[in-house]
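Subject: A structure for you to look at

Hi there,

Here is the structure I promised to pass on to you. Have a look at it first, and then read on for what turned up.

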Amino acid sequence: MNLTLHEIGRAVHATNDFEKYKDLKINKLEFDSRKIESGDVFLPLKGEHDGHDFIKKAFLQGALVTLTQYPLSEENPFLQVADTKVALQGLAHYYLKKENPDVISITGSNGKTTTKDMTAAVLATHYRTYKTQGNNNNEIGLPYTILSMPEDTEKLVLEMGMDRPGDIVFLSELANPKIALITLIGESHLEFFGTRKEIARGKMGITAGLKRENVLVAPADPIIDEFIPEGQKIVRFGKTGADLYVTKLTEHKENLTFETNFFGKSITIPVPGKFNANNAMLAAYVGKLEGVPEGKIHQALSSVQLTKNRTEWLKSVNGVDILSDVYNANPTAMRLILETFQAIERNFGGRKVVVLADMLELGEHSAELHASISAVVQNEKLDKIFLYGPMMKNLAEKLPEALYFTSFDELSQAVQEFIREGDQILIKGSNGMGLAKLVEILTTEEATLL
Ligand SMILES: N#Cc1c(NC(=O)c2cc(S(=O)(=O)N3CCOCC3)c(Cl)cc2Cl)sc2c1CCN(Cc1ccc(O)cc1)C2
């Protein structure tokens, strides 16, 4: 990271005398103390745990300096701030202005991760490009992505996630995109928004940090029209007649070939699905806007590697909506996804089911951190809770109505026997607990264990 200790101190308006410390170059920034390596800056966040409890551990792992909301003893360098989350976001904004890459921001109810991957692949053929990793797309993950980009990044492709109204406005004003893409305005899972119109309002928040002369690429869906700012340069995509549209599409089992009204030749992508043609069309359009030769765009899309296990809704073989989130298996992420899942209305006649498995590597605080998840469980919003793993026993003791398993096969059997068409199921836990196998069983005929 191209920042020194003093530079960070100034950028976050640290209140202690940090000029007395040696002005060393910093390696990288981490808020999860388990990732701290030599030369890093530790940024403790107060979530389900207080990151300040892990400052000592961070220095033992080689941290050079820590941010803190409280004064510390003088033995190690620290930068005192009022709020470490605000400091993270302010430092990211400062760093973005300093390194000054072109930012392409992407939001949308579906397809934003695929479009992010495809757009980054196209730009990477011609520029030094960096993109959001995993689902680091919220008020913590987006600034973390900015601070993680390589020093000479020219194009930064940022995914912007939206849990609540105003989220995207904040992220757009932090990132000041040069190009903003909206992939789709959702049909279902209205979560905290209540109506599709409010989802549209939320997504259009992406114009908050966008100059009017810079382009917004959005669906030709009239629901967004009332939210288009005066004088905003906009390109609409969708059905024939829109500014951008797919003209011909040939779908195969493993890939898909399509043409558009603006690209010279047909494009082949290694994934099926008309919605992926749309996602690839947006990536191709950004490539053209950014001066990537058509041959390179074509070559990038034909061999694009998509982020696996995206945090998105899947459909089981018997018609169950599955939300599986295999990223960031820590208490904060588990609470966030539980809150989101509980806020979603049941399908008509359907039930809401959660499967929660152990969060690994939480050290000596693991038992209490697993138990603490009970604070966000709203029993009236859930019809069945399956808990799996030795540490989840601590949560099971707080939730007497939950079913607790130590055997994966018994868990899998019980879940398959319980769920039925129309249900919604959330599956969350550390990769090491093997829940990806459960998702595979539920989504593929031949894999069914029963
Ligand atoms: N709760 C909690 C914990 C962490 N939380 C986070 O890292 C975290 C994750 C998230 S997140 O939701 O996972 N995420 C971050 C990336 O962008 C997408 C959203 C957020 Cl928003 C905020 C925080 Cl503070 S990291 C962590 C804990 C619990 C305690 N752990 C301390 C520990 C340190 C050393 C050890 O050996 C063992 C445990 C590490």
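Which domains each give at least three residues to the lining of the second largest pocket? They are domain 2 (101-302) and domain 3 (312-444). Please keep in mind that this is a predicted model.

Let's stay with that pocket for a moment. The second largest pocket holds about 1300 Å³ of space. Its lining is made up of 44 residues, and T114, F275, N276, N279 and E312 are the closest to the centre. Two or more lining residues come from each of β10 (233-238), β11 (244-251), α8 (274-289), β14 (312-315) and α14 (435-443). Of these elements, α8 contributes the most, with six residues. Sorted by class, the lining of this pocket has 19 nonpolar, 14 polar and 11 charged residues.

Now to the ligand. There are 24 residues around the ligand, and those that come nearest are H49, K57, N328, N330 and T332. Helix α10 (residues 331-343) supplies the largest share of this shell, four residues. The shell around the ligand divides into nine nonpolar, 10 polar and five charged residues.

- The side chain of H49 has an N or O atom 3.2 Å from a nitrogen atom of the ligand.
- An oxygen atom of the ligand lies 3.3 Å from a polar side-chain atom of N136.
- In the side chain of N330, an N or O atom is 3.1 Å from an oxygen atom of the ligand.

On its own the ligand would expose 790 Å², and the protein buries 93% of that.

Enjoy exploring!

Conventions. Residues numbered from 1 in each chain as written. Predicted model: local features only at pLDDT ≥ 70, side-chain atom pairs only at ≥ 80, totals over all residues. Heavy atoms only, no water. 1 Å grid on protein atoms, 1.4 Å probe; cavity = no way out; pocket = protein on both sides within 12 Å on 5 of 7 lines; lining within 4 Å. Points joined across faces, edges and corners; volume = space filled by probe spheres on them. Nonpolar A, V, L, I, M, F, W, Y, C, P; charged D, E, K, R; others polar. Domains from an automatic or database assignment. Near = heavy atom within 4 Å. Polar contact = N/O pair within 3.5 Å; in protein donor to acceptor, adjacent residues only side chain to side chain. Areas by Shrake-Rupley, 256 points an atom, 1.4 Å probe, with all protein chains shown as cover.
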